[in-house]
Amino acid sequence: MPNDYKNTMNLPQTEFPMRANLSQREPEWLKFWEDIDIYRRSLQVNEGGETFILHDGPPYANGHIHMGTAYNKVLKDLIVKYKTMRGYRSPYVPGWDCHGQPIEHQVEKDLGPQKMAQISQAELRERCREYALKFVDVQREEFRRLGVRGDWDDPYLTLAHDYEAGNVKIFKKMYLDGAIYKGAKPIHWCVRCHTALAEAEIEYADEVSDSIYVAFRFTDATPWDTEGPAFILIWTTTPWTLPANVAVTLAEDADYVGVRLPDGHVLVMAEELVEPVASVTGWDSYEIIGPRVKGSELSGLHYAHPIHAKVGGVIVTGEHVDLSTGTGAVHTAPGHGEEDYLVGQRFDLPMPMPVLDDGTFDAGGGPFAGMSVTDANPRIIEWLRERGALIAATTITHSYPHCWRCKKPVIFRATEQWFVSMERTHLRERALRAIGEVEWIPGWSVNRISAMVADRPDWCISRQRAWGVPIPVHKCSVCGETVATASTFDAVIELFEREGSDAWFTKTPAEYLPKDTVCPRCGAGVENLVPEDDIVDVWWESGVSHTSVLEARPELRRPAELYLEGSDQHRGWFQSNLLTSVGVYDAPPYKAVLTHGFIVDGEGRKMSKSLGNVISPLDVIAKSGADIIRLWVAASDYSQDVSVSDEILDRTSEAYRRIRNTFRFLLSNLYDFEPSEAVAWEDMPELDRFALAQLADLVGRVTASYDDWRFHQVFHAVYGYCVTDLSAVYLDVLKDRLYADAPGSVGRRSAQTVLAQILTTLVRLVAPILAFTAEEVWQFMPETLRGGHVSVHLAGWPELDVPEQEGAALRGVYAVVLQVRDAVTKALEDARAAGTIGKSQEARVVVAAPTDVRAVLKERGMATLAELFIVSDVEVIASDELAVTIEPARGEKCPRCWNYRELSHDSAHPDVCGRCADVLSQLA
């Protein structure tokens, strides 16, 4: 293009960079937000408005963030930013779980066994505090770098004095109501970590276990005695629990028969399991002998213990006996399993516990005393074999509980612990009722938490560790009675508020309890009281956040509008918050709960160092920027497991590039536009009015998707709009009008009016997701378009109304027009591939169309259609079916706008088209 014509064009102008360089630019926007105190301003701008509280579930203060924690925090931030822009006062107080075994385990590891043997509990707790606070600072900066906005200067920490006191407030109410008790029950026990574990602290993994069939000799008369010596045949995958056996449980209504082996021994088992057992044991020949007896008829018979010579066991019945595997006769050790325990309670069975804290047998292990349960397993099998009691031994692979921290298999072991009863105060029933009052997102998740609460055992809340909040009760050193009253609880609350829970381990009860405190049993004074050694479960700690945070902080309230965590929290934080809230307030702590899936790699595998598929969010930020992570979060469907890989992130980066380029085009064509020059709806060309109708539709779809928590639909709507509605159609069509029309012409100003509306709308629609890029766009916008708002995040939510009837008519008409445009575009591509034309402006289009379509096209006018199809000319003719013919353009190529048109007859500008001649005359 000759320079003089180039200088007459309205070519794009903007300093908004094409290359994002997010990793370098994003810290500048973090500094900008810090300088303007964006968090405080986000609250002030909606002061007096409706409140929306998203309560943060606290991550552990250990280690750097990973893709799971990044996903979670960005999803929360997206919601808080959106709600703020919608006019809600939406404070966000981030929190950290600072106590518990993961932190203590890491400190132990750092110290080593020699130092750990010498360190005092007070010093160990101080080391744990330092470690936790260190990683609070580390993670705080990493979350900030993701663009997450919140009260980072004053987060909630579970080690804070007031928070620790909140634990005691909840414990006091539930204890005095009778919901908390101390008792001996079998619980998950980690022999490596020497502590009880709650169900939420258990991970399941495949484990290879011994599978043995053992014959216990009856010592009472049986219906089969005339056939030979009778034995009850049991099956177990935990041989190490046999020293604690006290009973064998049968199915009450099942039929039991004797199976005579070639050696004459009669093994009693469920009739329907004889054949499967024979297959496993490899019996070549056996005989089923009568009589057929119900399990209930055998109840009360006794047998000789397989290990302890002077001890016997008894036959009982139970509903848990499964007739799909085993023998129908269940080895029962009440100290080693929940179902065994319940049977023991029903039949008043003893509960021996020969296994110590470290997983070794005491004298109750008989010949295996001093051995670990792991080492004893093969020895027990061999012992049984030598004595003729082992019928068969093999191995099975099955899902088995493991400790969440050390990853080692756990055991079931009865110890004296503190429990929250699910029945004594009808907590289970009340919690299930509360679940029904909550909105669960996705909807199916209500079934998951309902089933977990319905089936869960009593909640073991005590832990045998050092780093945590102590169980706030005392024990009489004279008689062993528990001392826990309203006044002692209040004294502990006051102590923790003043000095924190460390004081529990450094002060004597006489220093903080009321002087008149006495043991209710023996009358011993306060000087005879000793504090409980155990600490509370970390899930209890985080579970009281509804009181220690929502109730305690003036900017928050209980219940919160939303809790949002991964699906594993149905048995963790969601449930612990629910049980403590219902236990104290008889109400759920939340109005809605949103659950997201786990983060997996591109092939759906869990991320692990051994697989080499771990992606660090810090690496992604350094390479591509935090907005790429934020866009990945929004584009993912959280209702299922979320995949991430280099390929997925590359696709996300490409989608980001398309959106960014859309913003750049919009900015580059508004450099000379002022809102005062906007063209009114009724004066706009029809295409511009249709573009506003499309934009209004986008606002409606995006807003509805945000409101329905369907953020991936927000992404798809915005991306589709940028790529399909704008780049491929409207913006492409506008280029001629924007670049070649007179600067102040109605046509160009109308286009700019629409572009300005699209820009100010679109940037706010994506601001919750692309927090950094939206701010960058906002600051590059002409100041007159910003409405006086210093940040896009303070600019409110866009609203766009178009005349309802006219908008509906435009949508209907342009559905037809765009369908024809698709056919024209296809025909142009074919002609270009055949070498018939180069650019579309070199083509003349003949559209043959049925009557109804032809009427719509003709009503638009040929000039409008030529603009919309980006061709030199359009002719519409009659046909029964839609067809498009491409012909060479008529006229000559205008050297200014490159359109093929009749050249001007203007003597001043004879070599350009008529439109361009008029523009040049105006410019002159």
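Me: Which side chain does the side chain of Asp56 join through a polar contact, and at what distance?

Reply: The general idea is to look for a pair of N or O atoms within 3.5 Å, one able to donate a hydrogen and the other to accept it. In this model, which is predicted, the side chains of Asp56 and Lys76 are joined by a polar contact of 2.5 Å.

Me: How many residues does the largest nonpolar core have, and which of them have the most contacts inside it?

Reply: Such a core is read as a set of buried nonpolar residues joined through side-chain atoms within 4.5 Å. Here the largest one has 163 residues, and Leu146, Trp632 and Tyr730 are those with the most contacts inside it; helix H24 gives the most to this core, with 16 residues.

Me: What does Leu146 touch, beyond residues up to four places away in sequence?

Reply: Leu146 touches Ile65, Ala70, Val74, Ile621, Ala626, Ile629 and Phe772, and also Arg630.

Me: How many cavities of 30 Å³ or more are there, and which residues are closest to the centre of the largest?

Reply: A cavity is a space where a probe fits but cannot get out, and the count here is three of 30 Å³ or more. The largest holds about 70 Å³ of space, and of its 14 lining residues Gly100, Gln101, Glu201, Arg463 and Arg465 are the closest to its centre. By class, this lining has seven nonpolar, three polar and four charged residues, and strand S5 gives the largest share, three residues.

Me: What classes of residue line the second largest cavity?

Reply: The second largest cavity, with a volume of about 50 Å³, has eight nonpolar residues in its lining and no polar or charged ones. These residues are Leu631, Ile659, Val714, Phe715, Val718, Val766, Ile769 and Leu770, and helix H24 (residues 711-740) gives the most to the lining, with three residues.

Note on methods
Residues numbered from 1 in each chain as written. Predicted model: local features only at pLDDT ≥ 70, side-chain atom pairs only at ≥ 80, totals over all residues. Heavy atoms only, no water. 1 Å grid on protein atoms, 1.4 Å probe; cavity = no way out; pocket = protein on both sides within 12 Å on 5 of 7 lines; lining within 4 Å. Points joined across faces, edges and corners; volume = space filled by probe spheres on them. Helix = DSSP H or I, 4+ residues; strand = E, 2+ residues; numbered from the N terminus. Nonpolar A, V, L, I, M, F, W, Y, C, P; charged D, E, K, R; others polar. Buried < 20%, exposed > 50% of the residue type's maximum accessible area, 1.4 Å probe, protein only. Contact = heavy atoms within 4.5 Å.
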